[in-house]
Amino acid sequence: MARVYTLVNQKGGVGKTTTTINLGAYLADLGQRVLLVDLDPQANTTSCLGIDKASVKGGTYEALLGQSPAAESVLHNKQLKLSLLPATPALAGAEVELVNELAREGRLAEALAPLLDRYDYILIDCPPSLGLLTLNGMVAAKDGLIIPVQCEYLALEGLSMLMDTVERVKRAVAPKLKVRGVLLTMYDGRTNLSQDVVDEVKRYFKNQVFETIIPRSVRLAEAPSHGLPILAYFPSSPGAAAHKELAEEVLQQDGVKVAVH
């Protein structure tokens, strides 16, 4: 039965897509069956894996609207050992089309249910908003939310709003919703501000913060333009080492034993 984690933060540019792709790639490299779900109309997870989103025939939009089973739209990359439920440009209209549907906030969970036995991990990349798509991502996150937080002051301001939303969703439609972990990203050890943000987040979330901290990295920023995760683009970079460490931390916390690599 797959563990399902949703990466969420209403602030853009905090590393949701980067984390989804690179955590997924390293989990796959460590022997896990991994499905990435692109729930963002911008389709960045799709395009960052080298897939032309305009050429995608089906994906999360069709699955959410019940037009076709999610399994029919899953793409698999044999080289990376990664599977992807891609986003199409049509996903931008899904929030409007779902408004009048029954149980609209549970559509993604319903669509992914038949896939739970096929994968060990399902990682859902949400849009930078707190709309109906993100709500679907939260409800589908049966094992919790991973919240990437950029090591900058403004990231802290948005965090309290996000946590308020999480509590409302928990009370209204997903009583078992929880935070799996807060991930500090874009850390710059040369600045006092980065360390201040780390200290503040750890003070607020206490034992819910991942030990792994993702550094600022030119190579991480370059990898999407090559359609590759950092594992395949520049595995010797600090950004690659950090994401491998994150994958190992997730597996250890989940009690998953993996063969020595």
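Start by selecting Arg180 and Asp254: their side chains meet in a salt bridge, 3.1 Å from N to O. The term salt bridge here means that a side-chain nitrogen of Lys or Arg sits within 4 Å of a carboxyl oxygen of Asp or Glu. Arg180 belongs to strand 7 (residues 179-187) and Asp254 to the segment after helix 11 (238-253), so this pair ties together parts that are 74 residues apart in sequence. Helices (H or I, at least four residues) and strands (E, at least two) are DSSP runs, numbered from the N terminus.

Before you click on, two notes about what you're looking at. This is a predicted model, where local features need pLDDT of at least 70 and side-chain atom pairs count only at pLDDT 80 or more, while totals for chains, interfaces and linings use all residues. Residues are numbered from 1 along each chain as its sequence is written, and side-chain values use heavy atoms, with hydrogens and water left out.

Stay with that first pair for a moment. Are they buried or exposed? Arg180 is buried, at 15% relative accessible area, and Asp254 counts as buried at 15% too. For these labels, buried means under 20% relative accessible area, exposed means over 50%, and partly exposed is in between (1.4 Å probe, protein chains only).

As for the overall tally, the rule gives nine salt bridges.

Next, pick Arg190 and Asp188. Their side chains form a salt bridge as well, at 3.0 Å from N to O.

Then hop over to helix 9 (residues 218-222), where Glu222 and Arg219 are three residues apart and so separated by about one helical turn. What do their side chains do? They meet in a salt bridge, 3.1 Å from N to O. Glu222 is partly exposed, with 25% relative accessible area, and Arg219 is partly exposed at 31%.

Last stop: Gly31, in the loop between helix 1 (16-29) and strand 2 (34-38). Gly31 counts as exposed, with 57% relative accessibility. To finish, draw a distance line from the C-alpha atom of Gly31 to that of Ser160: the two are 129 residues apart along the chain, and their C-alpha atoms are separated by 36 Å.
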